[in-house]
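I opened the model to look up a few things and kept notes as I went. The entries follow in the order in which I wrote them.

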Amino acid sequence: MTRPAIELRGVRYAYRRSEVLQGVDTRVAAGEVVALIGPNGSGKSTLLKCITGILRPRHGHITIAGEPVKGQRQARIARSLSYVAQTTDAVYPLTVLESVLLGLRRASWRHDPADLARAEAVLQRLGMADLAQSPLTEISGGQRQKAAIARALVRQTPFLLLDEPTNHLDMKHKRDAIEILTECAREQGQGVLVVLHDINIAVQLADRIVLLRDGRVMADGPPQAVIDTPTLRAAYDVDVHVVEHQRAPFVAGYQLQERGRG
Ligand code: ADP
Ligand code: MG
């Protein structure tokens, strides 16, 4: 039996006339971590929004565990997946714990003890237990980012979509967030699709890397099959160097300016 998956076939999307997604095929299976990488403007956020049903593709098919996204009500899609949007700057007058409980979106303001325990456990796991009662307005950008991740994790949906969730995080918090995403896949069988800019993190985290450029999939496969010097040079237009480190590809650096000038 094949595992349930999010599947995309021939997905095309245009905000106005020019196509931002030009026929994307890929999949994210239960228990798998897929990192979506690619230059700014390559269509990563747009792709996630098409999967959530926020945007409707012009052509192509998206299914979640065999059910087409098209025509499904948002409430139904939300039972299958949790989504952390790229910008989490919106700040509400809530405490961290209240914002995490919001992820459960019960039709009641009274949270039962099981919900509270779940929310507190997620905060604990993210090393944020001591901030539970802090107002979102009084914590750092990185901590707010983690609160947004917690809000998605507490829902325990089959799939998790995260758009640059590690952006404001320092090295330690990045590592923590990544460990948690790995656990979500390994221990709870969630299918995780995460947009990342840090390719070295993508290599360590992901079972598969999907490289998007100009709305097309340029490469899709295990990290060692996707991440190499010529592919990254072509994708990002920089003089990047990929080396081998601990038997995995590692972006060692790139030139900020041409050498030997002047
Ligand atoms: P990425 O997340 O890979 O940086 P996006 O999916 O956000 O890329 O954007 C892809 C392209 O679509 C960009 O050229 C961007 O300018 C354009 N775009 C994104 N959002 C909108 C929008 N709401 N209206 C019009 N164009 C948009
Ligand atoms: Mg984006």
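**Ile209 and the cores**

I began with Ile209 and set aside its neighbours within four places in sequence; Ile209 is in contact with Ala35, Ile37, Ala202, Val203, Ala219, Asp220, Gly221, Pro223, Val226 and Ile227. Contact here means heavy atoms within 4.5 Å. This is a predicted model, in which local features need pLDDT of at least 70 and side-chain atom pairs count only at pLDDT 80 or more, while totals for chains, interfaces and linings use all residues.

Next I looked up the largest nonpolar core, which has 53 residues; Val192, Ile209 and Ile227 touch the most other members. A nonpolar core is a set of buried Ala, Val, Leu, Ile, Met, Phe, Trp, Tyr and Cys residues joined through side-chain atoms within 4.5 Å. Buried means under 20% relative accessible area, exposed over 50%, and partly exposed in between, with a 1.4 Å probe and protein chains only. Domain 1 (5-80 + 157-256) and domain 2 (92-155) both give residues to this core, so the core lies between them. I also noted a second, separate core of 25 residues, which includes Val24, Leu36, Leu47 and Leu212.

**Strand 9**

I then followed strand 9 (residues 208-213). Strands (E, at least two residues) and helices (H or I, at least four) are DSSP runs, numbered from the N terminus. Five of the six residues of strand 9 are buried, so this strand is largely enclosed by the rest of the structure.

I checked its partners, where two strands pair if DSSP finds at least two bridges between them. Strand 3 (residues 33-37) pairs with strand 9 in the parallel sense over four bridges, and Ile37 stands opposite Leu211. Strand 10 (residues 216-221) pairs with strand 9 in the antiparallel sense over five bridges, with Arg213 opposite Arg216. Strands 9 and 10 form a hairpin with two residues between them, and Asp214 in the turn has a positive phi of about 50°.

I found an open sheet of four strands in the order 2-1-4-5, with antiparallel pairing. Its edge strands are strand 2 (19-29) and strand 5 (67-68), each of which pairs on one side only. Strand 4 (residues 59-64) and strand 5 are antiparallel over two bridges; Thr63 stands opposite Pro68.

**Domain contact**

The domain bounds come from an automatic or database domain assignment. I read 25 Å between the centres of domain 1 and domain 2, taken over C-alpha atoms. In the contact between them, 16 residues of domain 1 meet ten residues of domain 2. The two domains bury about 1100 Å² between them, 62% of it on carbon and sulfur atoms. In domain 1, Thr157, His168 and Ile180 lose the most area to domain 2, together 36% of what that side buries. Buried area is the accessible area (1.4 Å probe) that two parts lose on being put together, summed over both.

**Thr166**

Is Thr166 buried or exposed? I found Thr166 buried, with a relative accessible area of 6%. Thr166 sits in the loop between strand 7 (159-163) and helix 6 (171-188). Leaving aside neighbours within four places in sequence, I listed Lys174, Ala177 and Leu196 as the contacts of Thr166.

Conventions: Residues numbered from 1 in each chain as written. Chains lettered and ligands numbered in written order. Heavy atoms only, no water.
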